[in-house]
Amino acid sequence: MHELAITVIGPDRTGIVADVAEALAGVGANLTDSTMTRLRGHFAMTLICTGPTAAEAEKALESLAGVTTAVRQVSPEASGGGDGEAWVVSVHGADRLGIVAAVTREVAGAGGNITDLSTRLVGSLYVLIAEADLPAGAGDELAQHLAVAASELGVEVTLRRAEPEIL
Amino acid sequence: MTFPELPEGRVLPVVTAPATVLSTVGDEVDPTDPAVLQLAADLVATMKVSAGCVGLAAPQVGVGVQVFCVNVVGHPKAATVHGTFALCNAKIIEASRWKAGREGCMSVPDLTGDVKRAGRIVVEAVLPGTGEAVTITTDAFEARALQHEIDHCAGNLFLDKVAGAHAIYQRKVYL
């Protein structure tokens, strides 16, 4: 069974997700994990699927007009993830070069693995929200490092525990 | 509970992020200072002319102090409602029934976010003008509005408390 990582990027339009999913279903691809969003009006979809070869999937996606696609064979999931403590980092402030680089470097320096990230630029306001798994007990020191980095960048930063609601 | 009448207020321009005042801890005020009473009236006047606005804090009009007003009258998510009122130096002394909900902010007009807030709170504050100490117990949407405004007075935005990377949303229309 082939496992493929596929990205599809292009101008957003009605029906594009259906077109991608249909093209892949047509070659027997089973979508496992996928995510889709709009980034400043661009359609952006990343997914993992199993079934066809990379060549078959590429051919199926050729019929989609106006989008850029990339298909790559990957090895099955290496780790289950979920190690460490879940934290959320919020950053907001005036837009400037290097905010994401500086903040994520601090998280990496603390041994933290970013599991989800989104950034938005609205007007002159830049907002970054990252979820990260940190080694047990690493939160306090990272908070201090982030405060220094944020002060140098002239932005506000908050680091807090993510609180899963398990019912 | 009845709140004292405020003088005629002026409509002030609302400051938006990334203004520094929005991220600065507000100073406590002397509630009997006539300037504080006028500020409270101005906040109410500005809130009233802003469509969909249920609360406004002094940092949002560029003044870094602990004064805000709230009015959730008629809001579908409100339960306990105290009408239109302004508070100074407010502190949350009890918080329970935590629940996530979507909120927006006039100072972050293009985004909304999911934020966990207490569904029942007890707030201690003093009233502008008289300086009378009050304790307000409230719940549901009025509790959320109070927490949002008290956060403003402490230099925090809802962005500092959103639930996760996918808990902020681009806003299409300011309601």
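This is a predicted model: local features need pLDDT of at least 70, side-chain atom pairs count only at pLDDT 80 or more; totals for chains, interfaces and linings use all residues.

**Strand pairing and sheet arrangement in chain A**

Let me begin with strand β5 of chain A, residues 85-94, which is joined to β8(A) by seven bridges, the two strands running antiparallel. Within this pairing, Val88(A) stands opposite Arg160(A) of β8(A).

Is strand β8 of chain A largely enclosed or largely open? Strand β8 covers residues 155-161 of chain A, and five of its seven residues are buried, so the rest of the structure largely encloses this strand. For comparison with the chain as a whole, 25% of the 167 residues of chain A count as buried.

Let me now step back to the overall layout. Chain A contains four helices and eight strands. Read along the sequence, the pattern is β-α-β-β-α-β-β-α-β-β-α-β. The C-alpha trace spans about 50 × 35 × 30 Å along its principal axes. Of the contacts in chain A between residues at least 6 apart in sequence, 70% join residues at least 24 apart.

I turn next to an open sheet of four strands. In chain A, the strand order in this sheet is β2-β3-β1-β4, with antiparallel pairing. Which strands stand at the edges? They are β2 (30-39) and β4 (68-73) of chain A; each has a single partner strand, so one side of each is left without a neighbour in the sheet. From one strand to the next, the twist averages 10°. In general terms, strands of a sheet pair through backbone hydrogen bonds, in either a parallel or an antiparallel manner.

Inside this sheet, strand β1 (residues 2-11) and strand β3 (residues 42-51) of chain A pair in the antiparallel sense over 10 bridges. One residue pair to locate on the display is Thr7(A), whose bridge partner in β3(A) is Thr46(A).

Helix α1, residues 16-26 of chain A, lies across β1, β2 and β3 and runs at about 20° to β3(A). Helix α2, residues 54-61 of chain A, lies across β1 and β4 and runs at about 170° to β4(A).

Finally, consider the loop between β1 and α1 of chain A, where Arg13(A) is placed. Why does Arg13(A) count as exposed? Arg13(A) has 11 C-beta neighbours inside 10 Å, and a residue is exposed if that number is 12 or fewer. Arg13(A) and Phe43(A) lie 30 residues apart in sequence, with a C-alpha to C-alpha distance of 7.8 Å.

How values were computed: Residues are numbered from 1 along each chain as its sequence is written. Chains are lettered from A and ligands numbered from 1 in the order in which they are written. Two strands pair if DSSP finds at least two bridges between them. Axes are lines fitted to C-alpha atoms, for helices over the stretch in contact, and angles run from 0 to 180 degrees between N-to-C directions. Two residues are in contact if their C-beta atoms, placed from the backbone, lie within 7 Å. A residue is buried if 20 or more other C-beta atoms lie within 10 Å of its own, exposed if 12 or fewer, and partly exposed in between; C-beta atoms are placed from the backbone.
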